[in-house]
Amino acid sequence: MLSWTTFLLSAAVLSTAFLVRRFHSHSPGSKPPGPRGWPIIGNIRDIPRQKSWLAYTEWAKIYGDIVYVELLGTPTVVLNNVDDIHELLDRRSAHTASRPPLIVANELMGWDWDFAHMPHNDYWRYGTLYFRKTHAQILRIERKHRKIFHQYFQQKNIPAHFPAIRKATLTFLDQVHQSSDDYRNHTRQFAGGILLKLTYDHNVVAVNDHYVALAERALDALVQVIHVGSTLVEAFPFLKHMPAWFPGAGFKRTTQACAQWAKELRDMPFQQAKRDSFSGSLQPCFVSDALAREGADEDIIANAAALAYLAGSDTTASIILSFILAMLHYPEVQARARREVDLVTSDGTRLPDFEDRSSLPYIDAIIAELLRWAIPTPLAFPHVSEKDDVYKGYYFPSGTTFIPNVYGIFHDEKRFSEPGKFRPERFLEENSDFDPMTMGAFGYGRRICPGRHVALNASWLVIVQMLTVFIISPKLDEKGRAKLDPPNFDSGLVVQPIPFEVKITPRSHKALDLLRKAVE
């Protein structure tokens with residue numbers, strides 16, 4: 001993102017030397033093992049920009065569950081064991097719940113409203129929106145965000161959202177039937193549409209919905225700078241003051257455009273919902289509920305609404321697309337799941353619904369396996385410590401970044417046999433006591449994903465109703481052979497399968513009639 005000028009190199013030497021001395025002096029314990037870094041830049045060149053969780057998983061086999069790296073002077077620890085993560089990030093969350101500063105994302109790209117990655121530490125004195133907030137004030141603001149999330153999206157309130165999920169699911173199934181080759185766009189519209197409806201009472205009526213497109217554009221820019229060590233500005237915050245015309249500072253011009261997208265993502269749907277509220281046309285939703293509460297803070301409502309939309313929609317899309325991919329590659333799983341659904345729905349004479357869930361354990365196992373095999377967030381968002389600590393004889397100074405490698409946990413051969421295979425029955429048999437939810441599928445501690453309950457329930461209904469109505473199978477080439485590439489996933493904050501070809505057809509005329517009647 002920046003060229004290595006002599007000026008920058010000199011600054012790097014001085015800054016890194018200070019940090020190294022700070023880390024090594026008076027340490028009451030040793031550093032964990034890890035790959036040997038380079039002078040000045042540490043291990044920055046050892047970590048691939050794409051799918052870094054794969055490298056972390058290989059390191060765990062060499063160095064153990066706790067791996068130390070140094071990124072531009074920042075002590076960084078990769079955690080590959082769920083017990084260590086629970087101890088350091090859950091039980092000790094009082095001083096490990098902060099986030100990396102993310103100067104580029106928060107200050108230059110306008111994401112300072114997103115409390116999913118807001119730190120608690122001295123970064124705040126550099127901030128804009130929350131200039132000079134004290135640690136206690138920041139925690140109070142964060143608690144307000146968590147509270148407003150909890151009041152509307154907690155598990156016990158999810159049944160109130162079932163009507164919206166049902167309606168969106170039928171629209172999705174009908175769209176897939178009309179144009180199955182466009183399944184990715186239909187999935188995107190479904191996932192974004194549910195959260196936009198629940199959050200802002202916005203009805204998505206087209207694949208190219210403006211709000212859906214706005215979120216994708218803003219997030220595509222964010223994922224480029226969100227991971228630890230992705231930009232030099234994170235190590236040297238003074239670089240943010242470089243003028244856009246300065247050689248090597250092209251990033252300033254790019255981030256100015258990105259900041260406008262982030263602002264529109266937060267403000268546009270909220271302002272429209274607020275106008276609808278004043279006119280009396282806003283139907284019950286997260287924004288209407290929050291605005292009606294005594295002492296409502298519009299900034300916090302706007303922040304929370306945007307985060308709820310982002311947190312739920314991307315995860316939902318990832319789960320559904322991974323389900324279609326899994327059924328394509330594992331037809332025996334699809335057949336077994338369909339038999340279970342048919343048994344509950346009297347051989348497909350009706351569409352299954354939420355009240356059938358307790359009678360469909362294999363479907364829940366499929367959901368669990370999707371969260372393991374195709375984890376939407378292979379790296380949980382990094383945590384940063386705010387005080388010195390010692391764990392298992394290892395010394396972690398204040399400011400240490402912890403990266404939970406959730407992918408590595410879910411692909412640990414000691415815990416999951418044949419981790420590369422999609423086998424839902426593992427959660428009914430040898431891994432029946434394991435719960436991907438508590439193992440990190442949606443994050444850890446008080447930073448856990450607020451949209452997870454909507455995402456899981458929406459995904460569940462799509463899965464059972466797709467199994468009732470459709471057959472998912474490979475397309476054939478001109479010689480009648482199945483066109484089936486190995487499963488592959490992209491890289492980002494929330495990962496999804498890369499585009500693949502699939503044939504989605506009605507099971508029978510009876511199944512198609514069932515869908516038509518439900519849609520009508």
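## A buried glutamine

At 18% relative accessibility, Gln 175 counts as buried, since the cut-off for that class is under 20%. The structure described here is a predicted model. Gln 175 belongs to helix H6, which covers residues 162-178. Leaving aside residues up to four places away in sequence, Gln 175 touches His 186 and Gln 189.

## Aromatic pairs

Searching the whole structure gives 16 aromatic pairs. One of them joins Tyr 152 and Phe 286, whose ring centres are 5.7 Å apart. The planes of these two rings stand at 75°, so the pair is edge-to-face; the cut-off for that label is over 60 degrees. Tyr 152 is in helix H5 (residues 135-153) and Phe 286 is in helix H11 (residues 286-291). The two residues are 134 residues apart, and their pair links distant parts of the chain. Tyr 152 and Phe 286 are both buried.

A second example is the pair of Phe 354 and Trp 460, with ring centres 5.8 Å apart. Here the planes are at 25°, so the pair is stacked, a label that applies under 30 degrees. Phe 354 sits in the loop between helix H13 (331-344) and helix H14 (361-373), while Trp 460 is part of helix H16 (residues 452-469). The pair therefore ties together parts that are 106 residues apart in sequence. Both Phe 354 and Trp 460 are buried.

Ring pairs also form a cluster, made up of Tyr 330, Trp 373, Phe 422 and Phe 489.

## Arginines over rings

Arg 372 lies over the face of Phe 416, and the distance to the ring centre is 5.5 Å. In another case, the charged end of Arg 415 sits over the ring of Phe 434, at 5.4 Å from its centre.

## Helices H8 and H12

Two packed helices are described by the angle between their axes and the distance between the axes. For helix H8 (residues 210-222) and helix H12 (residues 298-329), the axes come within 12 Å and cross at roughly 90°. H8 and H12 are therefore roughly perpendicular to each other, as angles of 65 to 115 degrees fall in that class.

Which residues of H8 and H12 meet? From H8 they are Tyr 211, Val 212, Ala 215 and Leu 219, and from H12 they are Tyr 309, Leu 310 and Asp 314. By type, the residues of this contact divide into 6 nonpolar, no polar and 1 charged.

Terms used. Residues are numbered from 1 along each chain as its sequence is written. This is a predicted model: local features need pLDDT of at least 70, side-chain atom pairs count only at pLDDT 80 or more; totals for chains, interfaces and linings use all residues. Side-chain values use heavy atoms; hydrogens and water are left out. Rings of Phe, Tyr and Trp (its six-membered ring) pair if their centres lie within 6.5 Å; planes under 30 degrees apart count as stacked, over 60 as edge-to-face and the rest as tilted. Helices (H or I, at least four residues) and strands (E, at least two) are DSSP runs, numbered from the N terminus. Buried means under 20% relative accessible area, exposed over 50%, partly exposed in between (1.4 Å probe, protein chains only). A charge sits over a ring if NZ of Lys or CZ of Arg is within 6 Å of the ring centre and within 35 degrees of the ring normal. Axes are lines fitted to C-alpha atoms, for helices over the stretch in contact, and angles run from 0 to 180 degrees between N-to-C directions. Angles under 35 degrees count as roughly parallel, over 145 as roughly antiparallel, 65 to 115 as roughly perpendicular and the rest as oblique. Contact means heavy atoms within 4.5 Å. Ala, Val, Leu, Ile, Met, Phe, Trp, Tyr, Cys and Pro count as nonpolar, Asp, Glu, Lys and Arg as charged, and the others, Gly among them, as polar.
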